[in-house]
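Please look over the sequence and the three-dimensional structure shown here.

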Amino acid sequence: MFHPDGLKARALPAMTLVIRNLQRVIPFRRVPLRRKMEVVRNILGVQKFDLGIICVDNKNIQHINRIYRRKDVPTDVLSFPFHENLKAGELPQPGCLDDCNLGDIFLGVEYIFQQCKENEDYYDTLTVTATHGLCHLLGFTHSSEDEWQEKNEDPQLQRGRPVNAHNSWNQETTHVPIAM
């Protein structure tokens, strides 16, 4: 990585995880999601990139979904990648500090809360959904809503066993935004 003035190479500092709560329908605490997403960022090796997570209600996620995907329904997550042509499994190669950004993830927290099963932890479900959005920012896609639901209900995932992301996600890149 090059220093912004182009004179020296240096390591990138850890970058920012910004979590904004723009809804008032569902009680929401940032700290549990922040702690879990920092672990996910470290595991995926993307802690050196900025990431925005914006929490919205059904009305606002539906509005965004209608504008960008022409689907007039609320959804759980929409991802807006900063690096549009990333190949699945490859990290961005920023040319300057301004490019050290993965993009933004909009979480439909009201929708997610409504979809939570009785025995599920809401913050665990938020983390899984935000991680799903983060995978989209990193170039991973799935071909349909049904495919996402199928992967979300995979018995390996239910038991907490890791799944090889390269085998379980379609590696074609889809342009902004990508919904789950």
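What follows is a report on the chain as a whole, its cores, its strands and a few single residues.

## Basis of the description

This is a predicted model, in which local features need pLDDT of at least 70 and side-chain atom pairs count only at pLDDT 80 or more, while totals for chains, interfaces and linings use all residues. Residues are numbered from 1 along each chain as its sequence is written, and side-chain values use heavy atoms, with hydrogens and water left out.

## The chain as a whole

The chain has seven helices and five strands, where helices (H or I, at least four residues) and strands (E, at least two) are DSSP runs numbered from the N terminus. From one end of the sequence to the other, these elements follow the pattern β-α-β-α-β-β-α-α-α-α-α-β.

Of the 180 residues in the chain, 42% are buried; buried means under 20% relative accessible area, exposed over 50%, and partly exposed in between, with a 1.4 Å probe and protein chains only. The chain exposes about 10,300 Å², and carbon and sulfur atoms supply 49% of this area, which is computed by the Shrake-Rupley method with a 1.4 Å probe, counting for residues only the protein chains shown as cover. Among contacts (heavy atoms within 4.5 Å) between residues at least 6 apart in sequence, 74% join residues at least 24 apart.

## Two nonpolar cores

A nonpolar core is here a set of buried Ala, Val, Leu, Ile, Met, Phe, Trp, Tyr and Cys residues joined through side-chain atoms within 4.5 Å. The largest such core has 31 residues, of which I53, L107, L126 and L134 touch the most other members. At least two residues of this core come from each of β1 (17–21), α1 (30–44), β2 (50–56), β4 (101–108), α3 (109–115) and α4 (122–137), and α4 gives the most, with seven residues.

When neighbours within four places in sequence are left aside, L126 is in contact with F28, L33, L107, V109 and I112. There is also a second, separate core of seven residues, including I61, I64, L78 and F106.

## Helix α1 and its buried side

The 15 residues of α1 should span 21 Å at 1.5 Å a residue, and its end C-alpha atoms are 21 Å apart, which agrees; the expected span is 1.5 Å times one less than the number of residues in the helix. The buried residues of α1 are P32, L33, M37, V40 and R41. They cover an arc of only 160° around the axis, which puts them on the same side of α1, the arc being that of the directions from the helix axis to the C-beta atoms.

The buried residues of α1 pack against β1, β2, β4 and α4. After α1 comes G45, whose phi is positive, near 75°.

Two strands are taken to pair if DSSP finds at least two bridges between them. β3 and β4 run antiparallel and are joined by five bridges, with V77 opposite L107 in β4 and P81 opposite G103 in β4. β2 pairs with β4 in the parallel sense over seven bridges, and I54 stands opposite F106 in β4.

In strand β3 (residues 77–81), five of the five residues are buried, so this strand is largely enclosed by the rest of the structure. β4 is likewise largely enclosed, because six of its eight residues are buried. In a regular strand the side chains alternate between the two faces of the sheet. In β3, V77, S79 and P81 point one way and L78 and F80 the other way, and all are buried.

G133 is found in helix α4 and is buried, with a relative accessible area of 0%. The C-alpha atoms of G133 and L78 are separated by 6.7 Å, although these residues are 55 residues apart along the chain.

Q115 has its place in helix α3 and is partly exposed, with a relative accessible area of 48%; its C-alpha atom is separated by 8.9 Å from that of D76, 39 residues apart along the chain. R70 lies in the loop between α2 (58–69) and β3, where R70 is exposed, with a relative accessible area of 78%. The phi of R70 is near 55°, a positive value in a residue other than glycine.
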